[in-house]
Amino acid sequence: MQLGLDIGGTKIEAVVLNDDGETVYRQRYTTPKQRYDLFFQAVIDAITHAREATTHDLTIGLGIPGAAGRDGLIKNSNILVLNQQPFVQQLEQHFAMPIPVTNDANCFTLSEAIDGGGKGYGVVFGVILGTGCGGGLCVNNRLITGPNACAGEWGHNALPHYRVDLDGASAQCYCGQMNCIESFISGSGLERQYFQKFSEHVRVPHIIEQLNVGNPQAAQMWDLYRDQLARALAGVVNMLDPDVIVLGGGVSNIEQLYPDLQERIAQYVFGKQCCTPVVQARHGDSSGVRGAAWLGAQR
């Protein structure tokens, strides 16, 4: 059986899958963020409890915010006590077994490639449209991470075809770069742009509610957002030409996202054609932890 842990800023979720992908165990814990030793112990406890509850030998895989650098230390994590810690080595030493660790977007992509929206496709590009904007790449059900551990991190490329008269004033991303894709097509990016244009602090569900009742401001903002998403996805098609693009995260649950999206992407693709399916994730919020479990099984 496969144990996966999805470690986030607020919770640690542990799931055990059997070989058919069925969930046989699930538990959640609060993520300690004050001290690294408390965080590390919480992860050990979550793994130990799963082993005891299932009484099976388990492979183990972890999804975390951030990535392990070539020096083995964690970087770019929003769990600040985790940064610059040899987390993976310590975990493997404790349990005396290999424990692969990758970021949440990679776990999402692997899950959807194996038995989700990307099942049956050779090259799968996964996209998370949530508070941030993550991405991952799978080829034949294997993650591609790269020597810098940043394959698929399309959210920190510049928004293609950016124009100040169309997209508004330049935005500085938390990563330090200007006009990152994440600053526009993440859920928080959509909310930021709405405030910038209309001086109203509103959440994404409110924008969609107003869209559905014919609010012209919401319609204008949503049309721009979908154009920005199309530009960003066209860059993926031009570079990788994946067999399928799978969308996850909160924004991916909005039905109004998908009609004529392929046609919009085609406007910006070399040759003005796009036959790449863009589909919604099958496993929703569970994809991250499921991907972590499959990651451990592959290792």
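Reply: The sulfur of Cys138 lies 9.9 Å from the closest cysteine sulfur, that of Cys107, which is too far for a bond; a disulfide is taken as a pair of cysteine sulfur atoms within 2.5 Å. This is a predicted model, in which local features need pLDDT of at least 70 and side-chain atom pairs count only at pLDDT 80 or more, while totals for chains, interfaces and linings use all residues. Residues are numbered from 1 along each chain as its sequence is written, and side-chain values use heavy atoms, with hydrogens and water left out.

A disulfide is a covalent bond between the sulfur atoms of two cysteines. Searching the whole structure turns up zero disulfides. Cys107 is accordingly in none, with the sulfur of Cys138 as its nearest cysteine sulfur. Cys138 is buried at 0% relative accessibility, and Cys107 is buried at 1%; buried means under 20% relative accessible area, exposed over 50%, and partly exposed in between, with a 1.4 Å probe and protein chains only.

Elsewhere, Arg163 is partly exposed, with a relative accessible area of 43%. Arg163 sits in the loop between strand S10 (142–143) and helix H4 (164–167); helices (H or I, at least four residues) and strands (E, at least two) are DSSP runs, numbered from the N terminus.

Helix H10 (residues 287–298) is mostly covered, with ten of its twelve residues buried. Among them are Trp294 and Leu295.
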